[in-house]
Protein chains: 2
Amino acid sequence: MAKRLGAQTLAPERPVTVAAGAAVVGKTEGEGPLWERFDEISQDSWFGQKSWEAAESVMLRRCYDLLCEKSRETPELLLSGDLQSQCTGSTFALRDADVPLLGLYGACSTMGEAMGLGALLVDGGAFRSVCALTSSHFCAAERQFRAPLEYGSQRSPTAQRTATAAGAVLLRAGGDGPRVTAFTVGRITDAGVTDTTNMGAALAPAAWETLRAHCTDTGRALTDYDAVITGDLGRFGHELLEALAAREGAEFPTVFTDCGMLLYRSELQDVHAGGSGCGCSAAVFAGHILKCLQSGFWKRILFAPTGALMSAVTSQQGESIPGICHALTIESAEVAQ
Amino acid sequence: MAKRLGAQTLAPERPVTVAAGAAVVGKTEGEGPLWERFDEISQDSWFGQKSWEAAESVMLRRCYDLLCEKSRETPELLLSGDLQSQCTGSTFALRDADVPLLGLYGACSTMGEAMGLGALLVDGGAFRSVCALTSSHFCAAERQFRAPLEYGSQRSPTAQRTATAAGAVLLRAGGDGPRVTAFTVGRITDAGVTDTTNMGAALAPAAWETLRAHCTDTGRALTDYDAVITGDLGRFGHELLEALAAREGAEFPTVFTDCGMLLYRSELQDVHAGGSGCGCSAAVFAGHILKCLQSGFWKRILFAPTGALMSAVTSQQGESIPGICHALTIESAEVAQ
């Protein structure tokens with residue numbers, strides 16, 4: 001039974017471990033600094049399919065199959081979602097998985113939502129093993145949210161690149177591995193930003209709201225973590241988050257960064273403000289962050305993926321961009337005990 | 001801690017009650033047989049807004065506000081989703097609710113997913129009260145999935161009408177009211193149907209898979225229920241479900257019906273095969289079914305909303321329609337004890 005800490009944070013009382021992770025990425029992501037952390041890098045953006053949408057599903061399915069192979073286990077429940085309209089990226093990937101599935105939508109925060117919810121369900125005794133997984137595909141997302149690639153639209157310097165990437169983790173009751181020890185559920189925060197080429201500005205206030213709520217609920221400071229890693233704010237969003245936090249006197253840990261800044265070589269790759277998309281934080285977590293925890297390099301981190309809850313339709317109708325951020329404390333086993 | 005029954009079914013061990021419900025519907029739905037069961041009927045399909053999408057959000061927000069008024073309580077968590085791309089119907093409705101939110105996508109099964117997940121989270125001790133809510137809007141859905149209304153497209157006799165409706169329930173730990181005593185999580189079932197004007201055919205196999213799994217897991221027969229009510233199969237889908245069930249020797253309870261058949265007067269209203277949309281089963285449950293349980297008219301029912309996990313894009317790409325169905329046992333307090 002999870003312990004409530006304040007209004008937004010839950011602390012599992014039983015050990016919930018991140019037993020395994022898998023990450024599959026596209027060519028551009030495979031040319032970034034984390035390339036050797038991923039299980040597979042595809043040189044074919046189409047993943048052998050005839051549409052970008054089907055390509056995303058094949059990538060996510062491959063990631064799920066790898067996770068099952070690595071963990072030698074079929075999970076009891078799947079928690080998944082993605083950016084495609086009606087979440088077809090994940091439902092088509094998993095349609096013949098033959099495992100109970102609950103679909104989620106948290107935009108680019110989906111991995112945080114899935115891992116947090118999975119931890120609560122494992123802690124509550126409902127399931128012994130839950131797979132949290134999500135994906136995004138640059139080409140499918142451009143067509144979905146902006147314009148088909150064939151138009152050759154120019155991108156703004158503040159725009160981010162939706163990662164072609166999939167990530168999956170297996171959450172298990174007990175056993176070895178880093179543990180999910182707290183989950184701060186985000187509230188929607190809408191700062192009134194309407195510029196869809198500057199998602200970082202729309203999302204930084206949501207990220208700060210959740211980090212602040214997490215610190216209030218748990219009595220911890222950001223400096224109590226070896227690393228605080230948001231998802232998908234990109235370079236400008238991260239700067240804004242730093243400014244918002246500093247304005248309220250927050251101090252930063254040694255590693256205070258963002259999955260969107262970790263995925264690419266910003267100085268060499270044409271990715272503007274950095275990465276975004278459900279798959280960005282999912283693959284960076286499953287490929288990179290998890291290994292840093294497994295090796296003991298980091299003992300306690302805060303992983304806080306952010307999501308922009310708009311659509312092409314709402315933006316065309318002049319609406320602002322609501323954001324949400326879910327945060328998880330993940331600790332190596334010796335610290336968590 | 002929920003008790004596992006078989007591969008797909010969870011039984012909360014603590015009492016999780018459906019403490020309150022609220023339903024808001026549009027004009028056509030208010031002309032159906034359940035009209036006096038709904039809290040509000042709007043004569044304005046626009047709900048005072050300039051777009052159908054914004055109308056849906058205003059309707060859902062009104063439903064949420066009514067639920068808070070009726071239950072005299074702000075829930076600790078919101079579980080919501082809808083049919084609009086990127087689930088903006090619900091996120092825009094709730095963007096200033098200031099309550100932690102987890103977004104779901106289960107298409108027309110969303111109410112079942114939200115109520116089941118909410119019951120597990122309340123049972124697991126994570127939250128004392130959870131609001132499950134969802135909506136759909138006929139005009140927004142037509143534009144989203146088929147064609148703008150202005151085109152005046154003809155509809156097939158097997159097509160269903162997406163309900164303009166919103167439903168919300170409050171799930172609470174303990175207290176008075178009917179109880180959620182089992183939740184069968186669906187698996188995706190794809191029977192290869194590609195006709196998007198005949199969703200009932202695509203969804204009936206998913207409904208039967210889940211009903212069968214529920215009976216296997218719990219050791220119950222459908223006839224152990226006062227009523228078995230699926231969500232959104234419509235008239236033809238329901239006939240197909242009966243045929244699938246009969247083929248395996250299943251017997252039916254006295255009341256074996258579908259929310260899509262309950263919502264409209266099929267003989268008088270131009271709704272073809274019946275209702276569909278997230279809001280259909282949500283409003284029929286919150287407005288009608290819940291009252292039948294509260295009054296003791298029904299002691300034990302099985303509520304099984306179904307969802308079609310396709311999008312306009314996947315259909316245009318020639319893909320089939322994967323379906324999912326989540327089922328909940330809900331019992332009046334005296335039976336549940």
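Me: Into which domains is chain A divided?

Reply: In this predicted model, chain A has domain 1, covering 3-173, and domain 2, covering 179-336.

Me: What separates the centres of domain 1 and domain 2 of chain A?

Reply: Taken over C-alpha atoms, the centres of domain 1 of chain A and domain 2 of chain A are 16 Å apart. The contact between them draws 60 residues from domain 1 of chain A and 61 residues from domain 2 of chain A.

Me: Which elements supply the side of domain 1 of chain A that touches domain 2 of chain A?

Reply: Elements of chain A that each give at least two residues to this side include the strands β2 (9-11), β3 (16-25), β7 (129-136) and β9 (165-173), and the helices α1 (27-30), α4 (110-123) and α5 (138-145). The largest share, eight residues, is that of α4(A). By class, this side of domain 1 of chain A holds 31 nonpolar, 22 polar and seven charged residues.

Me: Within chain A, how do helix α6 and helix α7 cross?

Reply: Helix α6 of chain A spans residues 199-218, and helix α7 of chain A spans residues 234-247. Their axes come within 8 Å and cross at roughly 40 degrees. Angles under 35 degrees would count as roughly parallel, and 65 to 115 as roughly perpendicular; α6(A) and α7(A) are therefore oblique to each other. The crossing of α6(A) and α7(A) is right-handed.

Me: Which residues make the contact of α6(A) with α7(A)?

Reply: On α6(A), they include A:M199, A:L203, A:P205, A:W208 and A:L211. On α7(A), they include A:F236, A:L240, A:L241 and A:L244. The contact of α6(A) with α7(A) has 13 nonpolar residues, three polar and no charged ones.

Me: What is the crossing of α6(B) and α7(B) in chain B?

Reply: α6(B) passes α7(B) in a right-handed crossing. The axes of helix α6 (residues 199-218) and helix α7 (residues 234-247) of chain B come within 8 Å, at a crossing angle of roughly 40 degrees. That makes α6(B) oblique to α7(B). Among the residues in this contact are B:A204 and B:W208 of α6(B), and B:G237 and B:L241 of α7(B). Its residues divide into 13 nonpolar, three polar and no charged.

Me: How is chain B laid on chain A?

Reply: Two copies of a chain are related by a rotation about an axis and a shift along it. Here chain B can be laid on chain A by a turn of 180 degrees and a shift of 0.0 Å along the axis, with an RMSD of 0.0 Å. That is the relation of a two-fold axis.

Me: Through which surface do the copies meet?

Reply: The copies meet through the same surface, because 100% of the interface residues of chain B are also interface residues in chain A. The contact takes 49 residues from chain B and 49 residues from chain A.

Me: Which elements of chain B supply the side that touches chain A?

Reply: β5 (77-82), α3 (88-93), β6 (101-103), α4 (110-123) and α10 (312-316) of chain B each supply at least two residues. The largest share of this side, five residues, comes from α4(B).

Me: How do the residues of the side of chain B that touches chain A divide?

Reply: On that side of chain B, 25 residues are nonpolar, 16 polar and eight charged.

Technical notes:
Residues are numbered from 1 along each chain as its sequence is written. Chains are lettered from A and ligands numbered from 1 in the order in which they are written. This is a predicted model: local features need pLDDT of at least 70, side-chain atom pairs count only at pLDDT 80 or more; totals for chains, interfaces and linings use all residues. Two residues are in contact if their C-beta atoms, placed from the backbone, lie within 7 Å. Helices (H or I, at least four residues) and strands (E, at least two) are DSSP runs, numbered from the N terminus. Ala, Val, Leu, Ile, Met, Phe, Trp, Tyr, Cys and Pro count as nonpolar, Asp, Glu, Lys and Arg as charged, and the others, Gly among them, as polar. Axes are lines fitted to C-alpha atoms, for helices over the stretch in contact, and angles run from 0 to 180 degrees between N-to-C directions. Angles under 35 degrees count as roughly parallel, over 145 as roughly antiparallel, 65 to 115 as roughly perpendicular and the rest as oblique. A crossing is left-handed if the near helix is turned anticlockwise from the far one by less than a right angle, and right-handed if clockwise. Domain bounds come from an automatic or database domain assignment. Copies are superposed by least squares on the C-alpha atoms of residues with pLDDT of at least 70 in both.
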